[in-house]
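This briefing is meant for a reader who is meeting the structure for the first time. Please look over the sequence and the model below before going on to the notes, which are grouped by topic.

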Amino acid sequence: MIASPTVASRSKNHLPFGEVRHGRLYGWDILSVSQFSRADLDAIFDVAKEMRHMVERVGTFDLLKGKLLACLFYEPSTRTSSSFIAAIERLGGSTIPITQGVQFSSVSKGESLADTVRTLECYCDAIVLRHPEIGSAALAAEAARKPIINAGDGAGEHPTQALLDLFTIEEEFGRVDGLMVTMLGDLKYGRTVHSLARLLALFDVPLNFVSPDILGLPPMLRVELVKAGVRLRETSDLHEVLAESDVLYVTRVQKERFESIELYNQVKDAYVITPKTLEAAKPDMILMHPLPRVGEISTEVDSDPRAAYFRQVENGMYVRMALLAMVLGKA
Amino acid sequence: MIASPTVASRSKNHLPFGEVRHGRLYGWDILSVSQFSRADLDAIFDVAKEMRHMVERVGTFDLLKGKLLACLFYEPSTRTSSSFIAAIERLGGSTIPITQGVQFSSVSKGESLADTVRTLECYCDAIVLRHPEIGSAALAAEAARKPIINAGDGAGEHPTQALLDLFTIEEEFGRVDGLMVTMLGDLKYGRTVHSLARLLALFDVPLNFVSPDILGLPPMLRVELVKAGVRLRETSDLHEVLAESDVLYVTRVQKERFESIELYNQVKDAYVITPKTLEAAKPDMILMHPLPRVGEISTEVDSDPRAAYFRQVENGMYVRMALLAMVLGKA
Amino acid sequence: MIASPTVASRSKNHLPFGEVRHGRLYGWDILSVSQFSRADLDAIFDVAKEMRHMVERVGTFDLLKGKLLACLFYEPSTRTSSSFIAAIERLGGSTIPITQGVQFSSVSKGESLADTVRTLECYCDAIVLRHPEIGSAALAAEAARKPIINAGDGAGEHPTQALLDLFTIEEEFGRVDGLMVTMLGDLKYGRTVHSLARLLALFDVPLNFVSPDILGLPPMLRVELVKAGVRLRETSDLHEVLAESDVLYVTRVQKERFESIELYNQVKDAYVITPKTLEAAKPDMILMHPLPRVGEISTEVDSDPRAAYFRQVENGMYVRMALLAMVLGKA
């Protein structure tokens with residue numbers, strides 16, 4: 001397992017309301033993909049499938065009635081916060097949404113985050129945290145008695161995104177082992193790609209990495225994946241690997257990552273997916289994207305059944321419902 | 001019926017949760033007043049009256065339990081968003097409020113709105129949209145599988161405002177036909193006035209339009225109303241028509257509409273309603289205003305029983321409850 | 001009782017939903033600590049204790065099901081708004097959170113606030129108001145038919161903070177009479193300290209005030225307390241009174257209160273509490289702080305059982321639950 005030994009999956013088995021609770025992930029902080037074993041992933045996805053089934057049947061249900069989730073977003077993220085709010089609401093719980101008025105103390109940022117988290121946990125049962133600084137989620141988890149769910153800590157991790165990506169592959173094919181996954185775009189800075197690659201390393205999945213030279217895989221991640229036994233291939237030409245890919249995972253090339261606008265313009269349109277691109281792909285390939293897109297996938301592709309990115313969005317709600325239910329001991 | 005043939009009342013009769021649903025307006029996008037026939041209006045107002053009755057009796061009830069409403073506001077509107085949030089909460093449903101972090105992609109605005117809407121509908125059952133650009137609600141409705149409710153698209157329409165205005169007249173008098181309605185203030189740019197006038201054209205209601213010359217009725221709307229058989233009268237002198245009016249609908253003269261501050265100052269105080277003004281009005285006339293007011297109606301008037309503008313606010317909640325219940329097939 | 005005769009505890013015994021309601025505080029606006037008698041405080045704290053008991057047992061319950069609380073915050077306050085949202089949600093009610101898009105009319109602020117409040121009360125059952133201007137809560141209460149709860153009106157009052165402070169003392173010791181309370185820090189501008197001192201004047205509690213000379217107690221408050229029979233002592237040396245204190249209430253010295261940065265730097269670190277400070281304190285003393293802190297209490301102190309400030313935060317939720325239940329006639 002490619003696990004960072006520095007991130008322990010700390011269980012917070014306090015029983016504040018006198019209840020007996022149990023089950024995998026109960027009381028965990030969700031900080032990093034490196035916390036999860038294959039057995040954990042199987043368990044999460046089993047619960048996520050049940051969540052989909054229940055939402056399709058009844059819309060919402062009262063599994064987490066009586067639970068309050070604080071959504072503490074130090075930077076806006078409509079998609080992620082909406083997904084978590086929908087998840088807790090569909091489980092019969094409630095939210096304290098905090099996206100306004102969260103300020104950084106210029107003096108002691110860490111201290112202030114710790115105090116904010118310790119204040120919020122007096123009111124709620126778990127905290128979803130989005131923060132622009134790497135390591136902030138771990139710091140919050142250290143301070144808190146109640147579970148912290150990392151919804152993105154800057155250049156660090158966004159583990160629920162990687163989980164929903166993997167769940168989508170599993171849902172679309174009914175399996176993960178034996179598939180060939182190709183990742184395209186910004187592989188140097190793309191947090192999403194890094195986390196998903198680490199999760200896929202737990203499976204028997206060859207990985208292709210397609211990017212312009214200046215946006216290639218970080219050397220340390222390459223070493224990590226190779227050590228984990230991943231068969232990987234790097235190229236700058238999508239067509240070398242497209243025809244044999246089962247999954248094509250496209251990411252956005254973010255302007256703010258570049259040192260100059262010239263470098264950005266040079267590569268930004270290099271890998272735009274159009275209906276023409278898909279002609280060379282397998283008929284049952286799936287096309288994924290973490291969204292938002294800014295032109296990397298033409299909207300003409302949306303009506304192609306292989307376009308899986310909005311199904312991927314919906315899966316995010318089911319995975320987050322599963323995590324909340326499990327962390328709060330109700331799955 | 002003065003209906004724009006370009007706005008179809010598209011029904012989205014998907015049954016995502018395996019339920020049988022039915023009824024008028026079920027699955028509709030609510031985009032424009034031109035969607036509604038008199039029979040539709042009668043049906044909406046019947047449901048709105050039931051909603052008032054239920055709120056007065058029990059406060060909230062579980063008609064929309066299990067339903068999640070996304071409130072996507074690209075520009076702030078405390079009144080409108082509060083009204084929709086109250087409406088869904090009083091029906092036992094929940095909201096995903098989105099007023100922060102919604103950004104415009106400078107490149108492809110429409111595309112970005114479409115993607116945002118297609119993302120949100122993965123989590124929720126209907127979307128209320130406020131957006132500064134005309135036509136945005138129609139664009140969103142085109143992209144979405146789930147119902148879109150237009151809560152204002154710039155200089156375009158704000159159909160729920162017009163519906164609550166008409167419902168207020170109907171509630172106050174028990175009828176609409178045969179009343180004389182006078183509209184005052186900014187008739188050139190006042191979206192509210194235009195929409196209400198179009199709805200009133202479905203009834204036997206003579207309309208008076210009172211404004212300074214430079215803020216008169218747009219010629220195309222005048223033609224449209226005349227073609228629909230409306231008896232209309234335009235004047236710059238309120239006293240020509242005040243004594244025979246049953247409804248006086250006052251609107252704000254918005255500074256941002258004027259080319260120069262001189263032009264604004266010239267007319268802004270021309271039509272301020274005071275207790276003195278009301279001396280010439282019928283004892284059972286009602287005074288309406290879409291709010292917020294900035295001096296067009298003196299606060300001294302508030303205690304006059306003819307001041308109907310806060311009753312009008314309350315009616316907004318009942319009308320929006322009715323629309324939500326009908327669109328979601330639960331009325 | 002040190003009561004300002006200008007603040008009446010106005011009861012708003014309208015029964016909008018046909019219910020019979022009763023009990024102490026029913027229909028009150030909560031504007032100032034000067035509204036409360038000792039019997040009121042006893043009643044509030046009895047209900048707050050029940051609230052803690054229920055939350056510990058079941059998390060949330062449906063005492064205020066059907067009630068909608070508008071949280072109208074003209075300035076952000078994560079802590080206070082989160083506490084009120086948690087309080088109403090744990091009672092089975094719902095919120096309309098308004099923190100965005102609330103704008104000041106530059107012309108007629110009071111009028112605009114009155115109209116906003118009169119609009120919101122058309123949708124909700126009570127309004128929590130935070131506003132930067134002194135007297136704003138009283139103005140809103142004057143305009144509103146439904147109860148207004150003051151969550152801070154600038155340099156004015158923040159009565160629910162003072163109530164939770166007093167409730168914490170009562171919870172920690174099982175009594176208030178006979179304790180010695182020491183207040184430390186900014187006693188000149190500290191709204192929190194002033195309100196708590198006024199409440200403590202209802203009890204048999206000697207008060208020590210420790211501050212730098214330039215941040216001492218306002219002369220008028222000193223006179224008020226002395227007239228009420230309070231035995232008070234003022235000093236700039238904490239060690240004169242620390243050993244005999246049962247409660248040490250620390251406040252933040254706010255930079256924005258000072259005329260110059262030099263004056264601020266001169267006193268800001270004068271009274272920082274560290275583990276060393278506590279060596280001289282009673283073993284069962286409690287250390288309180290309204291939070292947020294910016295260095296006045298070292299984080300090393302957090303693990304000392306005498307550090308009561310996070311228990312104080314939690315008590316805030318129970319006191320606000322009690323107030324909401326009582327004001328809405330459901331306690």
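In this predicted model, helix α5 (residues 159-173) of chain C and helix α10 (residues 309-327) of chain C have axes that come within 8 Å and cross at roughly 115°. That angle makes α5(C) roughly perpendicular to α10(C), and the crossing in which α5(C) passes α10(C) is right-handed.

- On the side of α5(C), the contact is made by T160(C), L163(C), L164(C), D165(C), F167(C), T168(C) and E171(C).
- On the side of α10(C), the residues that take part are R311(C), Q312(C), N315(C), G316(C), V319(C), R320(C) and L323(C).
- Sorted by class, the residues of the contact of α5(C) with α10(C) divide into five nonpolar, five polar and four charged.

**Chain A as a whole**
- Chain A has 10 helices and nine strands, and buried residues make up 53% of its 331 residues.
- Of the contacts in chain A between residues at least 6 apart in sequence, 74% join residues at least 24 apart.

**The two domains of chain A**
- Chain A is divided into domain 1, which takes in 33-157 + 315-327, and domain 2, which covers 160-313; the C-alpha centres of these two domains lie 26 Å apart.
- Where the domains of chain A touch, 16 residues of domain 1 are in contact with 18 residues of domain 2.
- On the domain 1 side of that contact in chain A, the elements giving two or more residues are α1 (38-58) and α10 (309-327), and by class this side has nine nonpolar, three polar and four charged residues.

**An enclosed helix in chain A**
- Helix α4 (residues 136-143) of chain A is largely enclosed by the rest of the structure, because six of its eight residues are buried.
- The buried residues of α4(A) are S136(A), A137(A), A138(A), L139(A), A140(A) and A141(A).

**A loop glycine in chain A**
- G92(A) is placed in the loop between α2 (78-90) and β2 (94-98) of chain A, and it counts as partly exposed because it has 18 C-beta neighbours inside 10 Å.
- Leaving aside neighbours within four places in sequence, G92(A) is in contact with T60(A), F61(A), D62(A), L63(A), L64(A) and K65(A).
- G92(A) and Y264(A) are 172 residues apart along the chain, and their C-alpha atoms are separated by 45 Å.

Terms used: Residues numbered from 1 in each chain as written. Chains lettered and ligands numbered in written order. Predicted model: local features only at pLDDT ≥ 70, side-chain atom pairs only at ≥ 80, totals over all residues. Helix = DSSP H or I, 4+ residues; strand = E, 2+ residues; numbered from the N terminus. Buried ≥ 20, exposed ≤ 12 C-beta atoms within 10 Å, placed from the backbone. Contact = placed C-beta atoms within 7 Å. Domains from an automatic or database assignment. Nonpolar A, V, L, I, M, F, W, Y, C, P; charged D, E, K, R; others polar. Axes fitted to C-alpha atoms, helices over the stretch in contact; angles between N-to-C directions. Parallel < 35°, antiparallel > 145°, perpendicular 65-115°, else oblique. Left-handed = near helix turned anticlockwise from the far one by under 90°.
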